[in-house]
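This briefing goes with the sequence and model shown below. Please read it with the structure open.

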Amino acid sequence: MAGQVFREFFPLFDGVLVERNAAETVTKGSIMLPEKSQGKVLQATVVAVGSGPKGKGEEIEPVSVKVGDKVLLSEYGGTKVVLDDKGYFLFRDGDIIGKYVD
């Protein structure tokens, strides 16, 4: 489970709570981008995970990501969740496209 901010929220089963990374406002060529042209951010950091879904034989299958992982999300999907006046998104483990490896 995540740190002190998320004591009141724990995703169930294969739920994964993520915080999307901030959109880039300046290009590599130092051009300022207006808000409308920034696009949706598809990279996020995992802040809380559920215990995992029940598999065959009632065994709990672990979620494929852990807290702190950097992940790639699909453009559409997820449920917006507001905790402590900050926006997060709740995805299912299967809706996460991939995980970045350091």
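The model is predicted. The protein has six strands and zero helices, and its elements run β-β-β-β-β-β from the N terminus on. Of its 102 residues, 30% are buried.

**Overall make-up**

- The accessible surface of the protein is about 7100 Å², and carbon and sulfur atoms hold 54% of that area.
- Among contacts with a separation of 6 or more, 63% are between residues 24 or more positions apart.

**Hairpin of strands 4 and 5**

- Strand 4 covers residues 79-83 and pairs with strand 5 in the antiparallel sense, over five bridges.
- The two strands form a hairpin, with two residues between strand 4 and strand 5.
- In the turn of this hairpin, D84 has a positive phi of about 55°.

- K80 is placed in strand 4 and stands opposite F89 in strand 5.
- Leaving out residues up to four places away in sequence, K80 touches G87, Y88 and F89.
- From K80 to L90 the C-alpha to C-alpha distance is 6.4 Å, with ten residues of separation in sequence.
- Is K80 buried or exposed? K80 counts as exposed because its relative accessible area is 57%, and the cut-off for exposed is over 50%.

**D93, a buried acidic residue**

- D93 lies in the loop that links strand 5 (86-92) and strand 6 (96-99).
- Which side chain of opposite charge is nearest to D93? That side chain is K99, 8.7 Å away.
- D93 has no salt bridge although the residue is buried; a salt bridge would need a side-chain nitrogen of Lys or Arg within 4 Å of a carboxyl oxygen.
- Apart from neighbours within four places in sequence, the contacts of D93 are D14, V16, V63, S64 and V65.

- F10, L12 and F13 make a nonpolar surface patch of about 340 Å².
- One of these residues, L12, lies in the segment that comes before strand 1 (15-20).
- L12 has a relative accessible area of 62% and is therefore exposed, again by the cut-off of over 50%.

Notes: Residues are numbered from 1 along each chain as its sequence is written. This is a predicted model: local features need pLDDT of at least 70, side-chain atom pairs count only at pLDDT 80 or more; totals for chains, interfaces and linings use all residues. Side-chain values use heavy atoms; hydrogens and water are left out. Patches are made of residues with over 30% relative accessible area and no salt bridge: like charges are joined within 9 Å, nonpolar side chains (Val, Leu, Ile, Met, Phe, Trp, Tyr) within 5 Å. Accessible areas come from the Shrake-Rupley method with a 1.4 Å probe; for residues, only the protein chains shown count as cover. Helices (H or I, at least four residues) and strands (E, at least two) are DSSP runs, numbered from the N terminus. Buried means under 20% relative accessible area, exposed over 50%, partly exposed in between (1.4 Å probe, protein chains only). Lys and Arg count as positive and Asp and Glu as negative; His and the chain ends are not counted. Contact means heavy atoms within 4.5 Å. Two strands pair if DSSP finds at least two bridges between them.
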